[in-house]
Amino acid sequence: MANVPRFKLNTGALMPAVGLGGWGGDTQEERENAWKFMLTALRAGYRLIDTAWSYGTEKATALAIKKSGIPREEIWITTKLHHQHGPYTEKFFQESLGNLETDYVDLYLMHWPQTSIWVEGVTEPEDEYGDLITTDEWTLNQTWAKMEKLYESGRAKAIGVSNFSVKNLEKLLETANIVPAVNQVEMHPYLAQQDLKDYCDKKGIVLTAYTPTGYKNVLTDPTITELAEKYRASPAQIVLSWHVARGVSVVPKSSNEQRQKENLALLKLDADDVKRITALDRNQRLCNYANERGKVNGWTYEQLGW
């Protein structure tokens, strides 16, 4: 069993610092078969799977857990509320519970701060340019109020947000009764987001990094490859160890069994090396970045607070 550190949330729960990203791909077949890489991860020692309604891998998550034989209470399940579902939070939360074959989730996240319009049978309503059509008639504050009820019911053991900036966290906290336990954002050495980290630390919000290794862009950076040689480790191990040294949890996606095992094997980096990696920051988004019209999921950087 891998010796993975855990971070304490503001609920008192201890969340594994390294989890498995549950993105399965774009096709139905890829999503249905995601249980295979999830199962190898659970057997390798992972105890957190990060899925989402929009990933289409909640059912695969349930199947992997069932096949693993590991008791449900030993596995941390994170899933997310789709940006279209804010007004219907209870309905789609129940759908997620059904997909996951469980009566609770360990962490439920608001996937995006913006809300898209409701179109029956269309989960990503787009305008003529291919941009998500968002609405101001439903706010992140209203969605959060509905998520607070899920927390109070005990069916979501912790609630949090994803893709939130300081600006939108401030907006949420104007009306929130419960401070988010987690904020999951794109974060890697090229996008260190120190201001967001400082803010979340001050508010007692744990950050989780998606796209944590920064793809080949970061993994082939001369500083990272030099440190990989120094520590006799993979570049991914260097970067993931940097995150955890900063107090940031990570959910790398890998379907390769060997890399899954490597990603669990964290290193103790020298403080100076942690600083060197942080200094690579260039405020560069590699996963969710603006299109030619300056939008990400229908919102501008200004709206997102990026």
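Reply: Helices here are DSSP runs of H or I with at least four residues, numbered from the N terminus. On that basis, Asn263 belongs to helix α11, which covers residues 257-264. The model is a predicted one.

Start with Asn263 itself. Its relative accessible area is 7%. Buried means under 20%, so Asn263 is buried. What does Asn263 touch, once its neighbours within four places in sequence are left aside? The contacts are Val18, Tyr46, Ala236, Leu240, Pro252 and Ser254.

Now set that residue against the whole chain. The protein chain holds 13 helices and 12 strands. Of its 306 residues, 55% are buried. Contacts that reach along the sequence fit in here too. Take the contacts between residues at least 6 apart in sequence: 72% of them join residues at least 24 apart.

The overall dimensions come next. A compact globule of 306 residues would have a radius of gyration near 19 Å, and the protein chain has 19 Å, so the two agree. The C-alpha trace spans about 55 × 45 × 40 Å along its principal axes. The chain exposes about 13700 Å², and carbon and sulfur atoms supply 47% of that area. It carries 35 positive and 40 negative charges, whose mean positions are 5 Å apart.

The loop runs between α12 (271-278) and β11 (295-296). Leu286 has 11% relative accessibility, so it counts as buried. Leaving aside neighbours within four places in sequence, Leu286 is in contact with Glu186, His188, Gly214, Tyr215, Asn217 and Val218. Ser96 is 190 residues from Leu286 along the chain, and their C-alpha atoms are separated by 28 Å.

Last, a strand. In a regular strand the side chains alternate between the two faces of the sheet. Strand β6 spans residues 107-110, and both of its faces are covered. Leu107 and Leu109 are buried on one side. Tyr108 and Met110 are buried on the other. Strand β5, residues 76-81, pairs with β6 in the parallel sense over 4 bridges. Lys80 has Leu109 of β6 as its bridge partner.

Technical notes:
Residues are numbered from 1 along each chain as its sequence is written. This is a predicted model: local features need pLDDT of at least 70, side-chain atom pairs count only at pLDDT 80 or more; totals for chains, interfaces and linings use all residues. Side-chain values use heavy atoms; hydrogens and water are left out. Helices (H or I, at least four residues) and strands (E, at least two) are DSSP runs, numbered from the N terminus. The radius of gyration is taken over C-alpha atoms; the globule rule is 2.2 Å times the number of residues to the power 0.38. Buried means under 20% relative accessible area, exposed over 50%, partly exposed in between (1.4 Å probe, protein chains only). Contact means heavy atoms within 4.5 Å. Accessible areas come from the Shrake-Rupley method with a 1.4 Å probe; for residues, only the protein chains shown count as cover. Lys and Arg count as positive and Asp and Glu as negative; His and the chain ends are not counted. The place of a charge is taken as NZ of Lys, CZ of Arg, CG of Asp or CD of Glu. Two strands pair if DSSP finds at least two bridges between them.
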